[in-house]
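Keep the sequence and the 3D view open while you read.

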Amino acid sequence: MIWINVVIQGVLVGGFYALFACGLSLMFGVMKVINLAHGDMAVVAGYVAVFLTPHLHIAEIWSLLVVVPLFALVGYVLQRTLIQKSIDRDPFTTLLVTFGLSVVIENLLLEFYTANAQTVNVGALGYESWHPGSIFFISYVSLGVLVAAVAVLAVLQLFLSHTGTGRLVRAVADDREAAQLSGANYRHIFGIAAAIAFATVALAGIAYGMQTQFAPTSGGVNLLFAFEAVVIGGIGSLWGTLVGGIALGMAQVFGAHFNPEYQRLAGNVLFLLVLAVRPRGLFGKATSVS
Amino acid sequence: MSLDTPRREEGPSVRRSSTSPLFALGGSIILVGFLTVAPWIVPAEWSSVLMNFFILVIMATMWNLLAGYAGMVSIGQQAFIGLGSYATLYFALKGVNPFLTIPLATMICAVLAVPITFLLLRLRGGYFSIATWVVSDTALLIIGAIAFFGGGTGKLMPGLQYLSPSQTAHYTYLATWFVALVVVVGTYLLLRSRLGLVLASIRDDEVAARSAGVNVQSARRLIFIVAAAGCGAAGAVLAVSQPFIQPSSVFNIQWAAEMIFVSMIGGLGTIEGPIIGSVIFFTLQQSLQQYGVWYLVIFGSLAVVIALWQPRGLWGAFRDRYHTELLPVGYHLREET
């Protein structure tokens with residue numbers, strides 16, 4: 001019976017990790033940028049939902065409608081300014097710049113909102129769950145997040161394969177110079193990709209806040225989980241990320257079953273094992289790692 | 001294969017230093033002498049600031065070796081700071097004098113780094129960076145689960161209580177200073193060796209270096225192990241200087257943030273850069289003490305600005321402008337006119 005629970009809870013958590021990771025994966029796939037401030041951006045989205053949207057007199061749960069477009073805009077602007085500037089230097093600089101941003105964001109949040117934990121208030125929904133059996137339960141919020149994650153991945157997949165802009169994104173990801181020669185403004189396309197990535201990160205941040213408490217320093221550990229999901233699933237594979245997230249979630253739930261302290265450790269161990277045995281991940285291409 | 005020293009009589013002349021070596025050597029000896037006797041001369045608060053400064057210099061020098069010379073952006077060096085601290089704690093709990101455990105802790109970190117490189121060096125760029133962090137998180141979780149070390153609450157460093165406070169202060173100062181000196185001088189000598197040339201060739205053009213027979217992977221592995229040992233030594237002196245050891249403080253990612261910003265601001269790929277960066281860091285930290293974590297906000301923003309507009313850092317900019325080097329590791333070519 002414990003196994004069924006491990007699978008159910010693992011799948012639910014895995015959906016969240018996939019939602020968190022798809023922006024990271026997209027930015028790496030298109031711009032070859034690893035955004036080390038990815039986790040902190042999600043936390044900022046959570047703080048915006050908790051502290052700023054009440055001024056608009058809407059329920060915190062609907063803050064999504066404001067925060068997601070806002071973050072898309074922030075993503076576009078940040079990409080066209082700081083991130084593009086660091087891409088123009090070298091990949092090394094993008095790491096240093098996004099790491100710097102991450103530390104600056106974390107400490108600004110600490111200064112303005114203290115280290116107190118916050119949650120996105122979803123009312124009574126947060127406590128309700130579905131009990132299909134006597135010993136396991138499925139929280140409605142977690143189920144909603146899983147559905148949202150699958151929906152986001154599906155929309156992203158459709159966007160990349162069937163729309164003109166999606167094809168441009170793939171063209172720029174494959175060969176920036178060739179796409180530029182054919183008339184695509186790669187900087188603008190990068191901006192669009194970053195806008196999508198930031199929109200998903202905002203969604204992930206709010207989803208996180210609905211499920212659990214967050215603090216200014218929560219970004220780091222979420223970046224780790226997102227990254228582990230990407231590597232376990234295979235770098236460059238969107239649906240692989242979902243499978244990776246689920247595998248990571250199951251490992252964590254399994255570890256936590258023995259001792260709550262082993263939750264993160266079990267996930268890390270799974271990641272290191274995958275790295276040792278199959279460094280390209282479950283669904284990755286052999287060349288994508290190096 | 002030994003390296004032929006370029007001969008003077010044919011073609012351009014080749015020199016190491018732009019200033020007289022005697023001048024630099026004399027200055028160094030005076031500085032080293034002063035810093036050795038400093039705890040007996042300067043006020044106690046100063047020597048404690050100096051001690052933290054040395055620890056930061058060790059860390060930043062090691063990070064600079066990784067990133068500035070071998071192109072590996074690690075954000076998980078706190079793994080070795082923590083492991084160095086806990087190795088020291090382990091031997092001290094077994095009754096060894098804490099000061100004698102510093103070299104032991106350093107060696108343990110070097111040995112632990114070997115299997116880790118086989119995992120991490122499979123990844124490149126940003127993936128390498130986050131994986132280093134996973135390693136440090138794993139180390140933190142494992143150490144935090146060991147009851148012998150006091151779990152998550154940590155443990156007091158034994159073996160220092162029989163010393164008087166001033167003795168403890170002097171000994172820890174000397175230990176820290178000595179480790180910093182060894183690390184900086186060792187890095188300097190390492191970079192002047194054949195390995196330094198190999199690293200420079202990889203940094204300038206990895207493909208060309210490979211085709212010339214350079215084993216890029218083993219050079220990177222060696223540097224990673226050296227940096228792990230250095231950070232382990234920093235962790236060991238940290239453990240001796242701050243007698244209470246807690247996983248969340250010794251494995252804190254803030255160490256990584258500090259060493260990264262210090263190296264970037266001072267100047268990556270120069271020996272002097274991390275030292276100058278550390279001076280700037282401590283000046284800022286001391287003067288912004290009453291404003292909470294604003295010093296990290298300012299320092300982080302400064303690092304971003306420098307990475308984008310002055311990637312060679314402040315020392316790099318200064319050196320390019322005035323053509324001076326205090327600790328030269330390269331050669332200068334000059335056409336005879």
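Helices (H or I, at least four residues) and strands (E, at least two) are DSSP runs, numbered from the N terminus. On the α9(A) side, the contact uses L223(A), L224(A), F227(A), E228(A) and V231(A), while α5(B) brings Y127(B), I130(B), W133(B), V134(B) and D137(B). Two residues are in contact if their C-beta atoms, placed from the backbone, lie within 7 Å.

A word on what you're looking at. This is a predicted model, where local features need pLDDT of at least 70, side-chain atom pairs count only at pLDDT 80 or more, and totals for chains, interfaces and linings use all residues. Residues are numbered from 1 along each chain as its sequence is written, and chains are lettered from A and ligands numbered from 1 in the order in which they are written.

Now compare that helix pair with another one, α3(A) and α4(A). These two pack at about 145°, with their axes 6 Å apart. The contact is made by L82(A), I83(A), S86(A), I87(A) and R89(A) of α3(A), plus T93(A), T94(A) and V97(A) of α4(A). The table sorts both contacts by class: Ala, Val, Leu, Ile, Met, Phe, Trp, Tyr, Cys and Pro count as nonpolar, Asp, Glu, Lys and Arg as charged, and the others, Gly among them, as polar.

| α3(A) with α4(A) | 4 residues | 3 residues | 1 residue |

How many residues of each chain take part where A and B touch? It's 36 residues of chain A in contact with 36 residues of chain B. On the chain A side, α4(A) gives the largest share, 15 residues, and that side divides into 23 nonpolar, 7 polar and 6 charged residues.

Next, the inside. The largest nonpolar core has 201 residues, and those with the most contacts inside it are L19(A), A193(A), F198(A), I58(B), M59(B) and C109(B). Such a core is a set of buried Ala, Val, Leu, Ile, Met, Phe, Trp, Tyr and Cys residues joined through C-beta atoms within 7 Å. Helix α8 (residues 186-211) of chain A supplies its largest share, 18 residues. Leaving aside neighbours within four places in sequence, I58(B) touches V179(B), A180(B), V183(B), G230(B), A233(B) and A234(B).

Is G29(A) buried or exposed? G29(A) is buried, because 21 other C-beta atoms lie within 10 Å. The cut-offs are 20 or more for buried, 12 or fewer for exposed, and partly exposed in between, with C-beta atoms placed from the backbone. G29(A) sits in helix α1 (residues 2-31) of chain A, and its C-alpha atom is 9.7 Å from that of A193(A), 164 residues apart along the chain.

K32(A), in the loop between α1 and α2 of chain A, has a positive phi near 60° without being a glycine. T114(A) isn't a glycine either, yet its phi is about 55°; T114(A) is exposed, with 11 other C-beta atoms within 10 Å.

Definitions and conventions:
Axes fitted to C-alpha atoms, helices over the stretch in contact; angles between N-to-C directions.
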